[in-house]
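Me: Please take a close look at one chain of the model shown below. Then set that chain beside the rest of the structure.

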Amino acid sequence: MPRRNFVEKTLLDLAGAVEHSVYAEELARRSGLLQRIDPRVKVVVLGFAILVAASLRSWPTQVALLTLLVVLLVASRIPPGAIARLLFGLPLFTLVVAAPALILVPGPELLRLPFGLSVTTTGAWSVLTLLLRVTASLAAASALVLTTRWADLLAALRAFRVPLVFVLVLAMAYRYVFVLLELLQDLLLARRSRLLRRDENTEQRRWLSSALGVLFQRSLRTSEQVYLAMAARGYRGEPRTLRNPSLAETDWLALSLGSAAFAALWLVDLARL
Amino acid sequence: MNDTTVFELSGVSYSYHNRIVALRDVDLTIRAGEALVILGPNGSGKSTLLKILDGLYRPTSGRLVAFGHDITAAADDPELGYWLHQRVGLVFQEPDVQLFSPTVFDDVAFGPLQLGWPSERIRQAVATTLDELGITHLADRAPFELSGGEKKRVALATVLVMDPEVILLDEPTANLDPRSRAQLIELLAELHRRGRTLVIATHELDLAAALASRIVVFGEREHRPIAEGPPDRILTDQKLLIAANLVHEHLHWHGPIVHSHLHWHDAEHQHEHS
């Protein structure tokens with residue numbers, strides 16, 4: 001198996017993004033707890049959870065919030081692997097960014113390091129607090145995105161009076177990125193099928209720039225055709241939408257319980273200070 | 001079919017960027033209830049003609065009348081275009097450009113929403129159309145999750161839901177597997193039996209044989225009709241089909257038999273078929 005060049009690696013990553021997106025849609029169709037709740041309620045409650053996550057200061061309430069969110073993810077049939085990645089993968093980046101605070105924040109010494117440096121207790125707490133905040137916020141955002149179909153999420157944004165043009169642009173960008181990625185992959189495979197030797201990086205870069213040119217031309221042509229297809233069905237520049245139906249009783253219940261639980265954590269946190 | 005004229009084109013021409021000629025001085029009449037097949041090779045102007053008939057392109061010159069109204073300027077007149085799009089639907093060759101909404105349901109509901117129908121009527125019409133085309137199970141799917149055949153059906157649904165009097169179809173069976181192709185042809189035949197006017201642009205002779213009540217052949221150099229008539233006359237005229245680049249001299253079709261002989265030669269030649 002020949003070693004993949006940087007162009008192929010990039011495209012494989014893009015293909016991976018498409019697969020991930022399809023997988024996320026599949027998760028959103030499962031019959032879990034959050035999947036049964038109206039997207040508008042989820043936007044409000046989980047948005048509130050992110051606010052609470054950013055405000056909590058004591059670690060017990062932060063851990064309680066994180067635990068509650070993980071329980072919601074498990075009850076929504078999100079696979080343990082995805083939850084583990086969420087808890088231990090992404091926050092590592094925060095750790096890298098926050099690491100200097102371990103040493104730089106003044107306070108009682110916790111651990112002596114070489115070169116006269118030391119980790120302080122205050123620094124360790126501040127890094128832990130940041131880590132817990134980021135992880136809880138990520139968990140809340142993931143709970144929304146992984147249990148809500150993209151179309152429903154957009155509809156929820158419309159319900160909150162996000163300008164329709166903005167929502168339409170988001171929807172169409174998401175829609176046509178797949179078409180263009182498919183074309184880019186075809187271009188790559190067509191080139192690879194005619195390669196008889198290992199190509200140099202300079203050649204790869206030249207090819208990539210011409211492929212992007214083709215892609216740009218294609219996206220221009222597609223945008224013109226899409227506009228014509230919209231005009232052919234009566235589009236006159238003003239997006240329209242079906243009015244969202246009213247919330248079910250279970251949605252009101254989820255709204256009340258969810259908001260009350262996160263608000264209670266906030267109050268407990270305030271009382272502890 | 002009746003004698004009511006749906007479209008009347010007089011001397012219609014169209015050029016892209018005033019340089020590339022797509023249509024040249026086209027005269028054509030399309031009557032209500034007919035299944036007209038515009039037969040022509042790639043680049044003969046078929047797709048451009050459909051976009052002109054749907055009021056999306058304004059002819060460079062000539063006049064276009066639809067349902068008794070002059071609609072030559074429909075591409076530049078939103079009100080005229082809006083009026084036309086309630087009566088005429090266009091199914092594009094490339095279904096990906098027609099399916100731009102997040103889900104199949106949203107795509108099928110798009111047209112009725114633009115027409116300002118009440119919500120309940122839209123939901124009812126979308127459900128009925130999806131059911132008629134056997135694609136109710138696709139309602140919540142995203143377009144990128146559909147196969148080629150499913151995309152074509154959904155694209156047709158996006159037009160049928162608006163209940164247009166005329167349906168324009170650009171290469172409707174392109175890139176379809178045999179089963180999807182047969183199902184689509186049967187569906188179009190049923191629409192024609194129910195009285196819809198169909199205008200189908202294609203270069204596929206078997207599609208024309210299956211659906212056409214009349215055929216107009218477009219020449220690839222002429223960019224205008226070079227022959228017209230009933231399918232049994234047009235499709236048996238080998239000289240015309242060869243001249244119009246719709247069959248090849250050495251690999252072509254005689255009713256149910258495919259005539260094929262591959263060979264090297266250094267000069268053009270003719271042969272007879274019995």
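Reply: A residue is called buried here if 20 or more other C-beta atoms lie within 10 Å of its own, exposed if 12 or fewer do, and partly exposed in between. The model is predicted, and by that cut-off 25% of the 273 residues of chain A count as buried.

Among contacts in chain A between residues at least 6 apart in sequence, 77% join residues at least 24 apart.

The domain assignment divides chain A into domain 1 (30-160 + 244-272) and domain 2 (164-232). Taken over C-alpha atoms, the centres of domain 1 and domain 2 of chain A are separated by 36 Å. Between them, four residues of domain 1 of chain A are in contact with five residues of domain 2 of chain A.

Next comes the boundary with chain B. Here 25 residues of chain A are in contact with 31 residues of chain B. On the chain A side, the elements that give two or more residues are α8 (150-159), α9 (164-192) and α10 (201-232) of chain A. The largest share of that side, eight residues, comes from α10(A).

Chain B also has two assigned domains, domain 1 (1-87 + 167-255) and domain 2 (93-163). Their centres, again over C-alpha atoms, are separated by 24 Å. Across the boundary between them, 12 residues of domain 1 of chain B are in contact with six residues of domain 2 of chain B. On the domain 1 side, β7 (166-170) and α7 (178-193) of chain B each supply at least two residues.

An open sheet in chain B has four strands in the order β2-β1-β4-β5, with antiparallel pairing. Strands β2 (20-31) and β5 (69-70) of chain B are at the edges with a single partner strand each, so one side of each is left without a neighbour in the sheet. Strand β1 (residues 5-16) of chain B pairs with β2(B) in the antiparallel sense over eight bridges. Strands of a sheet pair through backbone hydrogen bonds. Within this pair, Phe7(B) stands opposite Ile30(B) of β2(B). Helix α1 (residues 46-53) of chain B lies across β1, β2 and β4 (61-66) of chain B, and runs at about 125° to β1(B).

Two residues of chain B show how exposure can be read from neighbour counts. Asp27(B) is in strand β2 of chain B, and with 12 C-beta neighbours inside 10 Å it counts as exposed. Leaving aside residues up to four places away in sequence, Asp27(B) touches Leu9(B), Ser10(B) and Gly11(B). Asp107(B), 80 residues from Asp27(B) in sequence, is 35 Å from it, C-alpha to C-alpha. Gln124(B) is in helix α5 (residues 119-132) of chain B. With 13 C-beta neighbours inside 10 Å, Gln124(B) counts as partly exposed. The C-alpha atoms of Gln124(B) and Leu53(B) are separated by 29 Å, the two residues being 71 apart along the chain.

In soluble globular proteins, nonpolar side chains tend to be buried together. The largest nonpolar core has 84 residues, of which Val37(B), Ile38(B), Leu39(B), Val91(B), Leu168(B), Val199(B) and Ala208(B) touch the most other members. Helix α6 (residues 148-160) of chain B gives the most to this core, with six residues. A second, separate core has 27 residues, including Leu46(A), Leu65(A), Leu72(A) and Ala139(A). As for Leu168(B), its contacts beyond four places in sequence are Leu50(B), Leu53(B), Asp54(B), Val88(B), Gly89(B), Leu90(B), Val91(B) and Val199(B).

Key: Residues numbered from 1 in each chain as written. Chains lettered and ligands numbered in written order. Predicted model: local features only at pLDDT ≥ 70, side-chain atom pairs only at ≥ 80, totals over all residues. Contact = placed C-beta atoms within 7 Å. Pairing = 2+ DSSP bridges. Axes fitted to C-alpha atoms, helices over the stretch in contact; angles between N-to-C directions. Core = buried A, V, L, I, M, F, W, Y, C linked by C-beta atoms within 7 Å. Domains from an automatic or database assignment.
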